[in-house]
Amino acid sequence: MMADTKNKKEKSPVVLFVAEEKEPLFSKKNRKLLSDPLNDNNPITVQVLGICSALAITVQLKPSIVMAIAVMVVMAASNVIVSLIRNLIPNRIRIIVQLVIVAALVILVNEVLKAYAYDVSKELSVFVGLIITNCIVMGRLEAFALGNGPWKSFLDGIGNAAGYGLILVIVAFFRELLGSGKLLGFEVLGHKGATVAESTGLYAMGYENNGLMLLSPAALLVVGVIIWIQRSRNRELIEKN
Amino acid sequence: MSALRNKLDQLKKPFNKGEKWEKFAPAFNAFDTFLYVPNHTTKKGAHIRDAVDLKRTMITVVIALLPALFYGIYNAGFQHYSQLGEAFTFWDAFAHGAWKILPMVAVSYIVGLGIEFVFAIYRGHEVNEGYLVTGLLIPMIMPVDIPLWMVAVSVAFAVLIGKEAFGGTGMNILNPALTARAFAFFAYPTFMSGNKVWVSDATHIDAISGETILGTLAAGKEVTYDAWTMFSGAIPGSIGETSTLWIVIGAAILILTGIGSWRIMAGGLIGGAFMGFLFNLWSANDLMAFPWYQQLLVGGFAFGLVFMATDPVSAAQTQKGKWIYGILIGIFCIMIRVFNPAYPEGVMLAILLMNVFAPTIDHYVIQSSVKRRKKRLSTATVKSA
């Protein structure tokens, strides 16, 4: 990449292994790499990628948070690795190389989860393994890491994974709260007993959990509502026919 | 009359352009146009303006709904007293039903119209009349014992997600009333099915078996009602759906005024009867052996077909498309009832499914018509040349 013209004032930059003029670690451009995927270029609500796992694991908040962290680790690491060896990868087999890198990282994450968070790992079951096929991971490798330096790729990976995780957590928050009246397993709306008389909190007033929220289509509904709100706040996102 | 008009104009002043309550004009206009036909004229382009505007259309549908509603109110009381084994008069039953059902109607209108008004003011368009019908339909397709707040949540869901998310009245893909019911059905299944919810105040009494006829069949039990009772409607079920007799009267009003499509209703009857007849021939279980003409009398089949399948927004628009749409609703309704007894309300799911496919049906009907005309044109030019 060409050096930023604004930063030419800095004299004699310390060049380690990248032959380009030094840019502050968190320059405006780099910060945008982090913040863009959170809103204007969100992987789920704008690019509509990674919907599959967003539907499957967002019944509860805890697995969603673990999933978000797992995807963040995989994306950041794979982006950095691919970016470091981007000039060594033959163009024709680059997808296979990327797959091998992502697969190795996913297996690592899976083993760590099994060792330290066995319950959550069981709940997530196949979906940790399926991070390999998450379009966001491969998409960012192809679109960004192959053409940018490691630091920028790292930020891009963190940013996109955060954008993905943010939506996951929002969806899971509403699904767990409305669907089972809990947050992270705590009964925030009161305890539901066998009868109304034995219940506490909202349940004592006749409140009932919303069974629809436990079904997968509810995740689509919540994602749809988020897209609706986001687009009515940010009109630039609306496509023109 | 001009005195009333003058008074209205005087009241309207602060809502006019440039005045202080300009933003709330849609709210005022909604009431104004109840009394007077709006005086605005179309400015450009070719246009035909019919005296029957959207508001008249909707009011006609509401009138057509009233027979079924009044019978539903009576039946709610009838089921309550007869299941509890108490003596009662006609007026007792009617009063009990009204006490239960009118609050549901009120909640439905207050919540639904509240959301409509907020969106109309926020988006700066007039309040649309579509909710007049939807607001009455929603309580009529709910069980009588459902808590009022569940009605409110279902209404809010239907208006927000079913309608406003797609751009308001006239833009919705799914019928809003059925969206509300489908939401309640999946969100609060214990309040929407079973043998207690269809009889009011019966949740804590064990001796009651107020299952709907379809529920009884799905459970493999004997149906104790005869065909005339099914037709006249003294059976447990959602408030408006039980009496096919009064629904047929509503259907006659809709067809005579030209507001409901008879093609859709006839198509649905044919499809349902055909499918029911096929299953009769198969007769592998109780549901399949259930006589085909009784299939058409029980559950929400008649109500859904007359009042929901004919919704002009979500139904097919072309004449041929309406036949296809209606027939498929009939076929799918019976098929869902028979193959999946967990969803006794086959008609709800059948109509929602066909709502989704209505634009596709229209597309192919129009394309085939275009193709036919092109062919005719090409043969005509060949002949003339």
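Trainee: How many residue pairs are in polar contact across the interface of chain B and chain A?

Mentor: In this predicted model, the rule finds two residue pairs in polar contact across the interface of chain B and chain A, both at pLDDT 80 or more. The count of salt bridges between these chains is zero.

Trainee: Which elements of chain B give two or more residues to the side that touches chain A?

Mentor: They are α4 (90–123), α6 (148–163) and α7 (176–187) of chain B. The largest share, five residues, comes from α6(B).

Trainee: What makes up the side of chain B that touches chain A, by class?

Mentor: That side has twelve nonpolar, no polar and two charged residues. Chain B and chain A bury about 920 Å² between them, and 74% of that is on carbon and sulfur atoms. B:Trp149, B:Ile161 and B:Phe186 supply 39% of the area that chain B buries against chain A, more than any other three residues.

Trainee: Now the charged pairs. Why is the pairing of A:Arg94 and A:Glu142 called a salt bridge?

Mentor: The rule asks for a side-chain nitrogen of Lys or Arg within 4 Å of a carboxyl oxygen of Asp or Glu. The side chains of A:Arg94 and A:Glu142 meet at 2.9 Å, N to O, so the pair qualifies. A:Arg94 lies in helix α4 (residues 94–116) of chain A and A:Glu142 in helix α7 (residues 135–143) of chain A, so the pair ties together parts that are 48 residues apart in sequence.

Trainee: How do you know that B:Lys100 and B:Asp145 also form a salt bridge?

Mentor: Their N to O distance is 3.9 Å, and the limit is 4 Å, so this pair counts too. B:Lys100 lies in helix α4 of chain B and B:Asp145 in the loop between α5 (131–140) and α6 of chain B, so parts 45 residues apart in sequence are tied together. B:Asp145 is buried, with a relative accessible area of 17%.

Trainee: One last residue. What makes A:Val48 stand out in its phi value?

Mentor: Most residues other than glycine have a negative phi. Phi of A:Val48 is near 50°, a positive value in a residue other than glycine. A:Val48 is found in the loop between α1 (28–35) and α2 (51–56) of chain A.

Trainee: Why is A:Val48 called partly exposed?

Mentor: Partly exposed lies between the buried limit of 20% and the exposed limit of 50%. The relative accessible area of A:Val48 is 48%, so A:Val48 is partly exposed.

How values were computed. Residues numbered from 1 in each chain as written. Chains lettered and ligands numbered in written order. Predicted model: local features only at pLDDT ≥ 70, side-chain atom pairs only at ≥ 80, totals over all residues. Heavy atoms only, no water. Buried area = accessible area lost by both parts, 1.4 Å probe. Polar contact = N/O pair within 3.5 Å; in protein donor to acceptor, adjacent residues only side chain to side chain. Helix = DSSP H or I, 4+ residues; strand = E, 2+ residues; numbered from the N terminus. Nonpolar A, V, L, I, M, F, W, Y, C, P; charged D, E, K, R; others polar. Buried < 20%, exposed > 50% of the residue type's maximum accessible area, 1.4 Å probe, protein only.
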